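Biologist: I am new to this structure. Please take a close look at a single part with me.

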Amino acid sequence: MNVDLIINDYLTVTPRMDGFAAFLNGAETGTCSGQEWSVGAEQDVFQTGCSVMGVAANSPVTDYEVLHVSAGHLYFGARPIDGQALA
């Protein structure tokens, strides 16, 4: 399955696991929302960007992902360890 994700207005992220919240909190200060991340708390990262996810501040993004659908759930593929886009 190929899907183009185009983000041009807002991009919210909601960590669902402690490890992912910690990953986001490990970003350089001010480069991934600027607020402390916690499980279940949604934050918009469009204006600040998010360096660890490869999202530049206030920049529309086109990203290419490997997706898998199983039992009604959508799974994203692994990201490059350096946060760069797959394309």
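Which hand does the disulfide of Cys32 and Cys50 have, and what is the torsion about the S-S bond?

Modeller: One caution to begin with: this is a predicted model. The disulfide of Cys32 and Cys50 is left-handed, because the torsion about the S-S bond is about -75°. The bond joins Cys32 to Cys50, with an S to S distance of 1.9 Å. A search of the whole structure finds one disulfide. The pair links distant parts of the chain, with the two cysteines 18 residues apart. Cys32 sits in the loop between H1 and strand S3 (43-44). Cys50 sits in the loop between S3 and strand S4 (61-64). Both Cys32 and Cys50 are buried.

Now look at Ser33. Ser33 is in the loop between H1 and S3. That loop also holds Cys32. The backbone of Ser33 has a positive phi of about 85°, although Ser33 is not a glycine. Ser33 has a relative accessible area of 13%. Buried means under 20%, so Ser33 counts as buried.

Ala71 has 73% relative accessibility, so Ala71 counts as exposed.

Last, turn to helix H1, which covers residues 18-25 and contains Phe20. Phe20 is partly exposed, with a relative accessible area of 32%. Together with Met17 and Phe23, Phe20 forms a nonpolar patch on the surface. The three have about 310 Å² of accessible area together.

Conventions: Residues numbered from 1 in each chain as written. Predicted model: local features only at pLDDT ≥ 70, side-chain atom pairs only at ≥ 80, totals over all residues. Heavy atoms only, no water. Patch = residues over 30% accessible without salt bridge, like charges linked within 9 Å, V, L, I, M, F, W, Y side chains within 5 Å. Areas by Shrake-Rupley, 256 points an atom, 1.4 Å probe, with all protein chains shown as cover. Salt bridge = Lys/Arg side-chain N within 4 Å of Asp/Glu carboxyl O. Helix = DSSP H or I, 4+ residues; strand = E, 2+ residues; numbered from the N terminus. Buried < 20%, exposed > 50% of the residue type's maximum accessible area, 1.4 Å probe, protein only. Disulfide = S-S within 2.5 Å.
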